[in-house]
Structure formats: C-alpha cells, structure tokens
Amino acid sequence: MPYIKKKIEALTKKYKTNCPFQLAQSKGILVQYADLGETLGFYFQSNRIQIININYNLQQHEQRFVCAHELGHAVLHSKANAPFMKKNTFLSVDRLEVEANRFAVELLLPDEVFYEHKDSSMTVQEIAAMYCVPGEIAHLKKMDPHGLDDRVCFYR
C-alpha cells in the first residue's frame, strides 16, 4: 500500500514531526481521553469535527500507538464511521483496521529507523518494541527496497 507511505510522507514533511499527538493537533483533530473500558480508542467525526478518543487507563506508550492508529482512520477513512458500520451493516471493517494499523506502524517506524539498525542483529519485533509498536503487527512494516543493502534482514 504505497499510498499510505505517501500520505505519511506528506504529513511528516508538512508538519515536521511523526508524533501522532502533534500531527492530530496540527490537523485540528481533537484528542480526548476517557475510561473506555475494554476499548483502546476510537475515531469519529461529528458535525465536521474530527475526534480521537483514547482510553486513559492505557500506559503512555500504548496511548501513543492508539493515537497513531486512530489518526490513520482520520487520514485514510475520515468519512467512515466504523462503530456504526460494525453494529448496523454487513460491511467489513477489517480492511479499515488493517490499513489503520499499517498507517500507525509506518508512522512510528519510518524506514530510517531500520537503516539506523541495519548493522545490528535486531529483529523487526525488537526494533518495533523500542518504538512502542506492538510486535504482533510489526510485520505490516513495508520497507522501500531502494537504498537497502544485502545486510539488512528484517524478518527472522
């Protein structure tokens, strides 16, 4: 999905950050915190106001990932109301969730991070953990093959 990387490149270039909280603020997206029970977070739009809700019971690094994921929904699926779709239609929201996860992974783990660690013996999951990205979705990271050398091994 090269379009996700292109969206992220445009965002990070324009706002000079890959911090999901700063990007949300710069884009005028309201980030609010509440006790969401078992829900980690969700995104919705109401009266043209974009809102990211994050469970305040999460640890700070978890909140960062959730914010990046929900920012992915705001950027990629701004008109989709996933909770409504899930409850009231037969439309699959799985694709939307995978895309939001890929957005979060690409945002928080830019290619440069892997280039910095190319001479180490670290796995993708170990690098992802350093940047607070859940290891179970680190496989969504897609490297740009240009500029990689033979020593870079991402999946062990």
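Helix 1 gives the most to the lining of the second largest pocket, six residues in all. Helices here are DSSP runs (H or I, at least four residues), numbered from the N terminus. This is a predicted model, in which local features need pLDDT of at least 70 and side-chain atom pairs count only at pLDDT 80 or more, while totals for chains, interfaces and linings use all residues. Residues are numbered from 1 along each chain as its sequence is written, and side-chain values use heavy atoms, leaving out hydrogens and water.

Let's stay with that pocket for a moment. It holds about 310 Å³ of space, and its lining counts 15 residues, with K5, E9, P110, D111 and E112 nearest the centre. Lining residues have an atom within 4 Å of a point of the pocket, an open set on a 1 Å grid with protein on both sides within 12 Å along at least five of seven lines, where a 1.4 Å probe fits. Besides helix 1, helix 5 and helix 6 (111-116) each supply at least two lining residues. By class, the lining has eight charged, five nonpolar and two polar residues.

Now follow helix 1 (residues 2-15) to helix 5 (residues 94-108): they pack at about 45°, with axes 10 Å apart. That angle makes helix 1 oblique to helix 5, oblique being what is left once angles under 35 degrees (roughly parallel), over 145 (roughly antiparallel) and 65 to 115 (roughly perpendicular) are set aside. The crossing is right-handed. On the helix 1 side, the contact (heavy atoms within 4.5 Å) uses Y3, I4, K5, I8, L11 and T12, and helix 5 answers with E99, R102, F103, E106 and L107. Six of these contact residues are nonpolar, four charged and one polar.

Helix 5 has another partner, helix 3 (residues 60-76), packed at about 120° with the axes 8 Å apart. Helix 3 is therefore oblique to helix 5, and this crossing is right-handed. Among the contact residues are F65, A68 and L71 of helix 3, along with A100, F103 and L107 of helix 5. The class count for this contact is 11 nonpolar, four polar and three charged.

Conventions
Axes fitted to C-alpha atoms, helices over the stretch in contact; angles between N-to-C directions. Left-handed = near helix turned anticlockwise from the far one by under 90°. Nonpolar A, V, L, I, M, F, W, Y, C, P; charged D, E, K, R; others polar. Points joined across faces, edges and corners; volume = space filled by probe spheres on them.
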